[in-house]
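Keep the 3D view open as you read.

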Amino acid sequence: MSSQEAFLARVRRALHKDSVPPAARPPLLWHDQGIAEAAANVQTRLAAQRSALVAQLQQELSAVGGVVAHVQAAAEAVAYVTRLAQEKNATLVVRWQSDLLDTLEVDAALQQRGVAVHATTLPPGAVAGPAASAEAMASQRQALRDLLARADLGLSGVDYVIAETGTLVLTAQAGQMRGVSLLPPVHVAVARTSQVIATLADYLLLVQAAGADLQQHLTSCVSFVTGPSRTGDIELKLTVGVHGPGELHLILVDESTPT
Amino acid sequence: MQTQTASSPTPRSHAGHLGTEGFKEHARQALQDAPLQQALELLVTNFVPRRVAAMVALGNAEALRTEARAIKERTMARLDEYLELFATQAQRVGVHVHWAHDAAEARQIITNIAQDIGAQVIVKGKSMASEEIHLNPHLEQRGYEVIETDLGEYIIQLAGETPSHIIAPAIHKTRQQIAALLHEKLGTPYTEVIPEMTQVARQALREHFLRADMGITGANFAIAETGSIVLVTNEGNGRLSSTMPRVHVALMGMEKVIPRLADLAVMLKVLTNSATGQKISSYVTMLTGPRQTHDLDGPEALHVVIMDNGRSAILRSTNREALYCLRCGACLNVCPIYQNIGGHAYGWVYPGPIGAVLTPMFTGLDTAQHLPRASTLCGACREACPVKINIPHMLLNLRQQLVERHDVPWVERGLFMLWAWIMQHPRLYASAVALAALVQKPFVNQGWLTKLPAPFSGWTQSRDFKAVAARSFRQRWQETLQYERPDAHGAAASEVRPHE
């Protein structure tokens, strides 16, 4: 086991740069312009391009086997989810806890049709206690994992959607389990059209502008999801659903929709 | 596989690979392997046009490749500082950072982690770095159950083989071979329907994901600014391996670091477009630390193992740019040699043109001396490379080292000295060419030299030479000048005369 010092000293020797005085070196990290200003410019540009971006997103995600539904009303989004759940003979839906999903009141609609819905959140107080909560958390996590392993459909929100590639951006946060978009055979994501951005570079800039602690804003995991899980490992024939979901649906709720 | 590892004297064992010394024989066998040839045909007809179409669709591919290369150049010039920054940032969010000087240390670090957490079952995402250190046999010998979860890697693990392509590891196997393998090893009903075979693998592997204690992946990128590692997959094996087990270990070569978060947009674009012609892969996972207190899933601990294993020697060498490689596989697909012999013939972990550069530098030039020579130097690899690595130039560097290091036969040396001397004397050269045109006569076959006597016989064994023309270019040039300008001895004519 090398020490960091020994390891890096070897690299430094290989670079023959011991003679370059540290003061003469340019900074390791730099930004072409002020982050805040750049982010504001991006937001202005995005607002102006929104409808074109939505069209591009639909085209790109469809091209990689995703299904995009652009709806005008919350009721349409709910109807889409319930219809899909019935088509798949789903009995268990696991979903993110998110404001958009809460306001859609999709749980009641699914339960009416006999589909159990479970939000990936902890019961109030589970996180509160000091020492005892570690065990409680562990058992809660295990319970949620068991649910996810047998869920027929995972329902999530998104942080952003990238039009250029048809990519969902999903961060890991309280209420936003990674497994919802990963373990069930069908993944349905619900987004507002205002969450559509142009490029990955836009996202990376927006997250950089979100606040001082960049790592905190990145969360422990950002998943960029573009279409269903796919493989070409047998004779290079494209096949979907190898480890992740075999189906990906994106419901875009128009931002003018009252909620 | 195990006995080979145990009996070999150094960590540079073949561990299932053919070894590089028998390259010529392996290549010969590959050329006669009908299923392999069928598979390689598929590769050429699929990957090559897909990448070209994707690059055209990008519109600014050339500018992107230039930018990606600049990012790599900048990183490599101050690699020690970027690695240090990465480690500091990763540790800040609770990542355990380990430093491995060589393969043995990397294996030891990972084994120690497995032991410390009491692991029994280990799932693996696709990782060429772990192939490089022959991690699986090492862990298996110590009693761990290790399961490859990338479908292609899983197939070759079941078959007891090694990958033959960087991103399509089981490309050398036909669907019938894979169908038989799944049926035999998993006891599932025989099917040649690819979606059904995929579902069989999904179910088998899902169970492993749910019971695994430890997940091992590689890392496509490590971002110094944020201490994040980035996994690029299509199936989701990277996501599951880094999410389900309670401990995640990422093994990366030290060249994987990139400076800034913003650099990811460029690097990712050139990687996926070059690898599979995709604008982005199905899944890109950016991990910044293990799960936080409020997270409901994700591993409780994240270890990143940063590996040198010969890379600092490459950094020091004239072939530094070999470290820019993103492992996209594009140079394999376009290489006329790889297209004909596939990956296994190269004898070690990294095949194709980039393998012909990396393998001698990792395993020693003497034993791998055939690899730098197994190239037509056509330059297709350089054209296809997302970071414009000048592979032909590096192959020439290696060939030069071989010549400097070894006694070249006196005949060859003498002939080249003679050739160089003649080339420096134009009149002598003209006479030599005229002489050659006479001497060659008994050997010319319809304008070609197909079989020469010793000491030239080796050259014509596998290639034909155009015969020396009866009238040389220089003669014809002179005649043209005289025809057009009767006063050919004037100043203007001599100015354009070559070589004089």
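Two strands count as paired if DSSP finds at least two bridges between them. Helices (H or I, at least four residues) and strands (E, at least two) are DSSP runs, numbered from the N terminus. This is a predicted model, in which local features need pLDDT of at least 70 and side-chain atom pairs count only at pLDDT 80 or more, while totals for chains, interfaces and linings use all residues. Residues are numbered from 1 along each chain as its sequence is written, and chains are lettered from A and ligands numbered from 1 in the order in which they are written.

**Chain A at a glance**

- Chain A holds eight helices and 12 strands, and its C-alpha trace spans about 75 × 50 × 50 Å along its principal axes.
- Of the 259 residues in chain A, 43% are buried (20 or more other C-beta atoms within 10 Å of a residue's own; 12 or fewer make it exposed, anything in between partly exposed, with C-beta atoms placed from the backbone).
- Among the contacts in chain A with a separation of 6 or more, 77% come from residues 24 or more positions apart; a contact means that the C-beta atoms of two residues, placed from the backbone, lie within 7 Å.

**The six-stranded sheet of chain A**

- Six strands of chain A form an open sheet with parallel pairing, in the order β1-β12-β7-β4-β2-β3.
- At its edges are β1 (67-71) and β3 (116-119) of chain A, each pairing on one side only.
- Neighbouring strands of this sheet are turned by 20° against each other on average, direction ignored; axes are lines fitted to C-alpha atoms (for helices over the stretch in contact), and angles run from 0 to 180 degrees between N-to-C directions.
- Five bridges link β1(A) in the parallel sense to β12 (residues 247-253) of chain A, and A:H70 stands opposite A:L252 in β12(A).
- Helix α2 (residues 35-63) of chain A packs on the sheet and touches β1 and β12 of chain A, its direction making about 155° with that of β1(A).
- Helix α3 (residues 74-87) of chain A also packs on the sheet, touching β1, β2 (92-95), β4 (153-156), β7 (186-192) and β12 of chain A, at about 165° to the direction of β12(A).

**Where the chains meet**

- Between the chains, 76 residues of chain B are in contact with 58 residues of chain A.
- Helix α5 (residues 79-92) of chain B gives the most to chain B's side, with nine residues.
- That side of chain B has 37 nonpolar, 22 polar and 17 charged residues (Ala, Val, Leu, Ile, Met, Phe, Trp, Tyr, Cys and Pro count as nonpolar, Asp, Glu, Lys and Arg as charged, and the others, Gly among them, as polar).
- An open sheet of eight strands with mixed pairing has the order β8(A)-β5(A)-β6(A)-β9(A)-β9(B)-β6(B)-β5(B)-β8(B).
- Strand β9 (residues 221-225) of chain A runs antiparallel to β9 (residues 283-287) of chain B, joined by five bridges; A:C221 stands opposite B:L287, and A:V225 has B:Y283 as its bridge partner.

**Chain B's domains**

- Chain B is assigned domain 1 (60-309) and domain 2 (410-496), with bounds from an automatic or database domain assignment.
- The C-alpha centres of these two domains of chain B lie 56 Å apart.
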